[in-house]
Amino acid sequence: MPVILGIESSCDETSAAISIDGKIRSNIIANQTVHEKFGGVVPELASRAHQQNIIPAVEQAIREAKVHKNDIDAVAFTRGPGLLGSLLVGTSFAKAFALARHIPLIEVNHMQAHILAHFIEEPVPEFPFLCLTVSGGHTQLVLVKDYFKMELLGQTLDDAAGEAFDKTAKILGLPYPGGPLIDRYAQQGNAKAFAFPEPQIPGLNFSFSGLKTAILYFVQQKEQEAPGFLQSRLHDICASVQERIVSILLNKLRRAAEEAGVRDVAIAGGVSANSGLRNSLITLGEHLGWRVFIPRFEYCTDNAAMIAIAGHHKYRAGDFVGQDVAPLARYSV
Ligand code: KG4
Ligand code: ZN
């Protein structure tokens with residue numbers, strides 16, 4: 001019954017989790033609020049906050065899991081992709097912990113871990129399955145052949161889906177991160193109120209930068225014609241933007257599932273918390289006869305539970321790294 005300590009520090013959440021025999025026993029997430037007033041994550045501030053948060057987060061994870069540090073069999077950490085300074089904090093902590101306790105060290109790819117979050121709880125998808133991974137930094141269509149055998153079928157050519165939400169929110173005058181706020185306002189709006197353009201990108205790649213520009217010009221023009229437009233129609237704008245982002249994502253997902261010939265279809269990453277995406281995927285799945293897999297909210301955004309689970313499967317495979325391992329800002333799935 002391996003006990004794994006998972007550490008996540010790739011962006012602006014410091015997280016520590018404990019898994020015992022592949023079951024999550026604790027998942028502590030320390031959010032960083034220092035970035036709000038800057039309208040985005042400030043890397044240097046993120047690294048400093050990780051340094052402050054990491055030891056309390058690990059101690060709490062160990063306490064809540066009701067284990068002792070001597071019980072931990074291995075430590076798994078996010079090696080990348082992410083902010084280098086932030087990754088360094090988690091990597092250095094994990095290395096020191098493994099060295100001090102004479103236990104193996106396991107490196108984890110953050111994007112793979114988002115996908116492997118589907119193995120935290122039953123029911124789990126069957127290999128091969130398709131996963132749309134949508135976060136603040138990535139938008140990827142991945143064919144998952146095995147725990148660590150993944151093929152990238154398509155990705156964004158510019159902004160990520162989360163960025164499309166966050167940058168739109170900024171245009172609309174909403175604070176960072178705006179994705180969850182657009183989701184909330186969209187629930188009271190009319191998604192058919194405004195028609196934003198769907199980019200025509202060949203194959204299974206995505207693009208969101210044209211949509212962002214279209215929204216900016218739309219808002220500027222309407223405000224000029226009728227000052228106060230933005231405030232009075234905020235809910236309808238949010239609903240219409242969300243509807244377009246979701247349709248861009250699901251049209252490609254549908255095409256990828258047809259081409260790959262799979263029926264198990266999953267979403268992962270921060271944007272998979274979006275209620276419009278979750279509901280539309282369920283409807284589409286029923287229509288096409290897919291088995292749809294959607295993570296619980298707490299496993300959508302960045303968390304160490306997914307790192308511990310990925311670590312558990314690497315532990316079983318004996319896939320360890322040495323003390324010379326270094327974090328990677330870019331790390332392909
Ligand atoms: O996976 P994640 O926590 O961090 C990265 O690895 O990037 O994803 C964060 C992204 C942010 O862009 C945030 O706005 C978006 O996920 N997000 C949402 C929602 N919840 C989080 N976007 C739309 N609707 C949501 N409910
Ligand atoms: Zn993430």
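**Metal site and sheet**

D302 is buried, with a relative accessible area of 13%. The model is predicted. In it, D302 is among the residues that coordinate the zinc ion (ligand 2), and an open sheet of five strands is present as well.

**The zinc site**

- The zinc ion (ligand 2) is held by H110 (NE2), H114 (NE2) and D302 (OD), at 2.0 to 2.2 Å.
- Along the chain, these donors follow the spacing H-x3-H-x187-D.
- H110 belongs to helix α3 (residues 110-116), whereas D302 sits in the loop between β10 (291-293) and α10 (305-317), so the pair ties together parts that are 192 residues apart in sequence.
- H110 has a relative accessibility of 5% and therefore counts as buried.

**The sheet**

- The five strands of the open sheet are arranged in the order β3-β2-β1-β4-β5, and their pairing is mixed.
- β3 (23-31) and β5 (105-109) stand at the edges with a single partner strand each, so one side of each has no neighbour in the sheet.
- On average, neighbouring strands of this sheet are turned by 20° against each other, direction ignored.
- Strand β4 (residues 74-80) pairs with β5 in the parallel sense over five bridges.
- F77 stands opposite E107 in β5.

**Helices on the sheet**

- Helix α1 (residues 43-64) packs on the sheet and touches β1 (3-8), β2 (13-20) and β3; the direction of α1 makes about 25° with that of β2.
- α10 also packs on the sheet, touching β1, β2, β3, β4 and β5, and the direction of α10 makes about 135° with that of β1.

Key: Residues numbered from 1 in each chain as written. Chains lettered and ligands numbered in written order. Predicted model: local features only at pLDDT ≥ 70, side-chain atom pairs only at ≥ 80, totals over all residues. Heavy atoms only, no water. Donors = N, O, S within 2.8 Å, 3.2 Å for Na, K, Ca; no water. Helix = DSSP H or I, 4+ residues; strand = E, 2+ residues; numbered from the N terminus. Buried < 20%, exposed > 50% of the residue type's maximum accessible area, 1.4 Å probe, protein only. Pairing = 2+ DSSP bridges. Axes fitted to C-alpha atoms, helices over the stretch in contact; angles between N-to-C directions. Contact = heavy atoms within 4.5 Å.
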